[in-house]
Amino acid sequence: MTIRNIALTLFALQVSALSLHAQTLKDAYRDYWYTGVSVNQWEVAAETNATNKHDVTGFISADQTANWQVVEKNFNSVVAENCMKMEVLHPAEGVYDFTLADQFVEKALASGLRVHGHVLIWHSQCPDWFHKDSEGNLVSREVLKKRMREHIHTILGHFKGRVSSWDVVNEAFEDDGSLRKSLFYQILGEDFIPLAFQYAHEADPNVELYYNDFSMNKPAKVEGVCKFFRPLIEKGLPIDAIGMQGHMIFEDGPQKIINQYDHSIKAIASLGVKTFFSEVDLSILPNPYGFAGANISDRFAYRPEMDPYKDGIPAEKQKEIDQFWVDWFKMLISNKESINRVTFWCVNDANSWKNDFPIRGRKDYATLVDRNNNMKPVVQEIIELVMPKPECQAKGKKAKKSNNKK
């Protein structure tokens, strides 16, 4: 080999090493699943106004212009935090407002991002008029069915060809696996769930249709959900995936969390549909009274001892948290054939809702992006689970040759 060829080879290896090291989450996991993130209305607008009312504990800057760059670089799928929910899109009977949602969808598509719609039917953030007549009484079965169909057909018709998938029904089960006694249930019984999927499939036969819920790591809940959907799927229910929000609490026990989600993924896969993680974050703060769930109306009083990391995370604690993320991703990789999307909730720690939930005034570190919009060091470890550094690959080849000689 000539000196010139050696130099070119070394240069190619250096470029390759830099390229591998510079990979982002979306690049590393492109052949595994979509890597998504939620965005809020200020990020869509690239808001710089200090009076944007984005009131979150630990929020450090009203300038949201940099957040979209983080989204474009690291993720290939997005979901809106609030602007596609019923209270925004359909605030009154016969009244639709697509202003914010259209801004979100158009910006996402212009950035080459896949758009997931959240959400069509949900008991929360649903305007009062939807279930009641002009006198405040609950409407009949037929009236609610008509309203559901008209709502779903209008929304899906408006976004047809632009939104790839939808959460059709959200959070319809209690943690014990029983159906939530929401107003949808009180009027229509359990029929409201298959009806919603029927209406969505009528409106857009090509869009992917999902069910989504929190606490899906809990065996009783995932078993209740699977028991409900299994016969419907066998009869041809048009559903593509059943999702798990993934609002994790470190204090619940890292290995326990991982084992539970491993079980849940396999339980859902047994139905013959994919699963996905729709709202992943990890609260590292003390958990009041063993609280679980994501019901935004649940709140507890602030106490200083429940807010231990307002000045930063101790190094030993950070090592434990990083190890959890690595181990959790290893579990996901082992189930990669069953997962179609892993979406993180909120772009960075500064914007995360976990700062104030379920105790207002606490500072949390729930995402993989710090308050200054830097990917946390553990992200590189997560990337290297599927894209090892060149030197690691070389060591692996040497070890393999050595073993072969033996």
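A salt bridge is a side-chain nitrogen of Lys or Arg within 4 Å of a carboxyl oxygen of Asp or Glu. By that rule, this structure holds 14 of them. Keep in mind that this is a predicted model, where local features need pLDDT of at least 70, side-chain atom pairs count only at pLDDT 80 or more, and totals for chains, interfaces and linings use all residues. Residues are numbered from 1 along each chain as its sequence is written, and side-chain values use heavy atoms, with hydrogens and water left out.

Take one of the salt bridges: Arg141 pairs with Asp191, and their closest N and O atoms are 3.5 Å apart. Arg141 sits in helix H7 and Asp191 in the loop between helices H8 and H9, so the pair ties together parts that are 50 residues apart in sequence. Helices here are DSSP runs (H or I, at least four residues), numbered from the N terminus.

Now for two helices that meet. The axes (lines fitted to C-alpha atoms over the stretch in contact, with angles from 0 to 180 degrees between N-to-C directions) of H10 and H11 come within 10 Å and cross at roughly 5°. That makes H10 roughly parallel to H11, a label for angles under 35 degrees. Here is who makes the contact (heavy atoms within 4.5 Å):

| Helix | Residue range | Contact residues |
|---|---|---|
| H10 | 219–234 | Pro219, Val222, Glu223, Cys226 |
| H11 | 254–269 | Gln260, His263, Ser264, Ala267, Ile268 |

By class, the contact residues divide into five nonpolar, three polar and one charged. Ala, Val, Leu, Ile, Met, Phe, Trp, Tyr, Cys and Pro count as nonpolar, Asp, Glu, Lys and Arg as charged, and the others, Gly among them, as polar.

Terms used. Helices (H or I, at least four residues) and strands (E, at least two) are DSSP runs, numbered from the N terminus. Angles under 35 degrees count as roughly parallel, over 145 as roughly antiparallel, 65 to 115 as roughly perpendicular and the rest as oblique.
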